[in-house]
Amino acid sequence: MSQAVLAALKSKFGDALLATSSNYGDECVTVAAAKLIEVATFLRDDPKMAFDSPVFLSCIDRLGLSESGPRFEVVIQLRSLSLRHRIRIKVPLEENKLKLPSVSALWAGFNWLERETYDMYGVEFEGHPDLRRIYLYDEFKGFPLRKDYPKDRRHPLVRREWSDE
Amino acid sequence: MGLEVTTSKLEDLVNWGRKFSFFTYPFITACCGMEFMSVAAPKYDIARFGAEFPRFSPRQSDLMMVVGTVTEKQGPALKRVYDQLAEPKWVIAFGVCASTGGFYQNYTAVPGIDQIIPVDVYIPGCPPRPEQVLDGIMLLQKKVAEGRGINQLRARREKLERHRLEQEGA
């Protein structure tokens with residue numbers, strides 16, 4: 001259904017795209033972090049693309065899923081309400097370089113989603129206007145949705161003094 | 001000697017009054033709240049136990065019902081509300097989440113509110129049946145009547161300590 005979007009991206013950016021796929025009606029494009037803003041701006045501003053709706057932005061921790069390839073993958077889902085097509089952008093990120101440019105300037109709706117992704121995975125969005133934790137408190141150490149975060153590790157804000165009873 | 005007997009009887013009378021006049025502060029965070037409403041509503045009717053009047057200010061309450069999961073982020077608020085309750089005060093942990101964290105064994109949930117405040121009665125269940133809650137309230141009534149509430153015991157201990165210090169001073 002959104003094959004035209006993939007075709008347009010391929011003809012405009014060509015080899016700059018790392019990969020494209022089209023499974024079960026889901027059109028995906030994988031781009032490097034350095035190319036993200038360029039691709040995203042084209043998707044928003046080109047009248048044939050007109051992606052006006054930021055659907056979601058999150059991250060996948062691929063620890064243990066595959067032997068090779070980068071550990072993290074930031075996923076951005078876009079939809080065009082006027083042209084009724086959609087596209088998914090994936091940005092692979094290495095564990096030691098968890099940075100990509102923020103797209104919250106292009107779609108304001110991604111502001112809080114980028115903060116959530118930072119909160120849970122520790123991905124840094126460069127150029128984000130207010131990148132700090134959104135759900136958790138500032139005293140929290142670490143990023144709990146990473147696969148190697150121990151399930152019983154807690155960061156209590158307050159505990160009772162058992163001695164006084 | 002005679003004076004002591006009189007005060008202990010007076011204490012019993014006061015505790016008898018206390019056990020039939022809980023002023024509940026509902027600290028409701030989750031789905032267990034539905035069961036709390038059911039218990040408070042006419043069908044199960046905690047008015048029969050004198051605990052029907054929820055007060056939404058901790059300063060007007062003496063029984064705190066912690067109903068539902070408490071997250072680590074909520075911990076300071078829970079502690080603060082408990083500190084504001086009028087003395088003598090009691091706490092019921094309503095449901096497994098409040099009692100132990102329930103199935104939320106993860107980074108957000110407090111593993112039982114007794115990590116933060118002392119608890120008098122734990123009511124298990126996910127959520128507990130209203131009958132279990134009534135049973136819990138009756139257990140607490142028994143505790144209050146016998147003066148065994150955690151807060152009551154502490155007050156007594158402090159009183160004895162003051163008395164001992166006075167004796168030593170004199």
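User: Is B:C32 buried or exposed?
Analyst: B:C32 counts as buried, because its relative accessibility is 8%. Buried means under 20% relative accessible area, exposed means over 50%, and partly exposed lies in between (1.4 Å probe, protein chains only).

User: Which cysteine sulfur is nearest to B:C32?
Analyst: How disulfides count comes first. A disulfide is a pair of cysteine sulfur atoms within 2.5 Å. By this rule there are zero disulfides over all chains. For B:C32 the nearest cysteine sulfur belongs to B:C31, 5.5 Å away, and B:C32 is in no disulfide.

User: What should I know about the model itself?
Analyst: It is a predicted model: local features need pLDDT of at least 70, side-chain atom pairs count only at pLDDT 80 or more, and totals for chains, interfaces and linings use all residues. Residues are numbered from 1 along each chain as its sequence is written, chains are lettered from A and ligands numbered from 1 in the order written, and side-chain values use heavy atoms, without hydrogens and water.

User: New topic. Which way do the side chains of strand 5 of chain A point?
Analyst: They alternate along residues 85–93. A:H85, A:I87, A:I89, A:V91 and A:L93 point to one face and are buried. Strands (E, at least two residues) and helices (H or I, at least four) are DSSP runs, numbered from the N terminus.

User: Which strands pair with strand 5 of chain A?
Analyst: Strand 2 (residues 26–31) of chain A pairs with strand 5 in the parallel sense, over three bridges. Strand 4 (residues 72–80) of chain A pairs with strand 5 in the antiparallel sense, over nine bridges. Pairing needs at least two DSSP bridges between two strands.

User: What stands opposite A:I89?
Analyst: A:V29 does. A:I87 is the bridge partner of A:L78.

User: Last one: what does A:L43 touch?
Analyst: Beyond its neighbours within four places in sequence, A:L43 is in contact (heavy atoms within 4.5 Å) with residues including A:L9, A:L78, A:I87 and A:I89.
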